[in-house]
Amino acid sequence: MARALAGGIALAVLVTLILRTGITMDERGRGLADALWRMAKFFTIWTNAAIGITAAVIARRGTAGQQVPAALVLSVAAVGLVYHILLAPEVPLTGLDLVTDHMMHTVIPLAWIGYWMAVVPKDRLRLGLAPLWLLWPLTYCAYGLIRGGIEGEYPYFFLDLGRLGAAGVAAWVGALTLAF
């Protein structure tokens with residue numbers, strides 16, 4: 001049953017990312033490579049893709065250990081919370097935009113957290129390992145800052161060096177790290 005649930009999550013992620021890619025390609029006539037590059041800017045995409053891969057591994061092999069699923073719970077909880085508290089668009093989305101947005105920021109996060117709570121063993125998890133789980137979002141922050149600096153467009157307002165300055169970005173990243 002656990003493998004089937006993981007397979008269902010992997011499939012949901014795959015379908016959602018395929019739909020999101022199609023929507024992104026339709027925006028301003030983007031090609032596939034351009035759409036994938038645009039999507040790779042966002043932590044939401046990184047984390048949903050990592051969940052899809054991890055869930056597929058679990059569906060295939062029966063396990064992905066305890067550390068990676070736990071780290072992804074932390075990250076996907078942040079995806080959902082940060083989105084719903086700080087980033088949700090003021091203009092209501094419609095159609096497939098609404099569906100993919102809801103899947104990536106609400107359904108998949110809740111499904112993964114529920115799966116982890118109900119199915120994944122936790123006997124080898126230790127609070128002292130939590131700093132390792134922060135490597136994923138901190139690596140992303142470095143990527144977002146570097147990419148934003150090169151392109152002149154930051155993926156999230158709290159990483160915008162031009163608008164917030166180094167101290168402002170450090171304060172946001174520090175606060176979000178503490179929240180994690």
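**Aromatic pairs, nonpolar cores and a helix contact**

In this predicted model, Phe158 has a relative accessible area of 7% and is therefore buried, since the limit for that term is under 20%. Tyr156 is buried as well, with a relative accessible area of 11%. The ring centres of Tyr156 and Phe158 lie 5.3 Å apart and their planes stand at 0°, so the two rings form a stacked pair. Both residues belong to one aromatic cluster, which also includes Phe42, Phe43, Trp46 and Trp172.

The count of aromatic pairs comes to 12. One of them joins Trp112 and Tyr115, whose ring centres are 5.5 Å apart with planes at 25°, so that this pair is stacked. Because Trp112 and Tyr115 are 3 residues apart in helix H5, about one helical turn separates them. Trp112 is buried at 0% relative accessibility, and Tyr115 is buried at 6%.

Trp112 and Tyr115 are also among the residues with the most contacts inside the largest nonpolar core, which has 29 residues. Helices H1, H3, H4, H5 and H6 each give two or more residues to this core, and the largest share, 7 residues, comes from H5. Apart from this core lies another, of 12 residues, which includes Phe43, Trp46, Val173 and Leu176.

Helices H1 and H3 pack at an angle of about 145° with their axes 7 Å apart, and H1 passes H3 in a left-handed crossing. Among the residues that meet in this contact are Ile9 and Val13 in H1 and Ile51 and Ala55 in H3. The residues of the contact divide into 12 nonpolar, 3 polar and 4 charged.

Note on methods: Residues numbered from 1 in each chain as written. Predicted model: local features only at pLDDT ≥ 70, side-chain atom pairs only at ≥ 80, totals over all residues. Heavy atoms only, no water. Core = buried A, V, L, I, M, F, W, Y, C linked by side-chain atoms within 4.5 Å. Buried < 20%, exposed > 50% of the residue type's maximum accessible area, 1.4 Å probe, protein only. Helix = DSSP H or I, 4+ residues; strand = E, 2+ residues; numbered from the N terminus. Axes fitted to C-alpha atoms, helices over the stretch in contact; angles between N-to-C directions. Left-handed = near helix turned anticlockwise from the far one by under 90°. Contact = heavy atoms within 4.5 Å. Nonpolar A, V, L, I, M, F, W, Y, C, P; charged D, E, K, R; others polar. Phe/Tyr/Trp six-rings, centres within 6.5 Å; stacked < 30°, edge-to-face > 60°.
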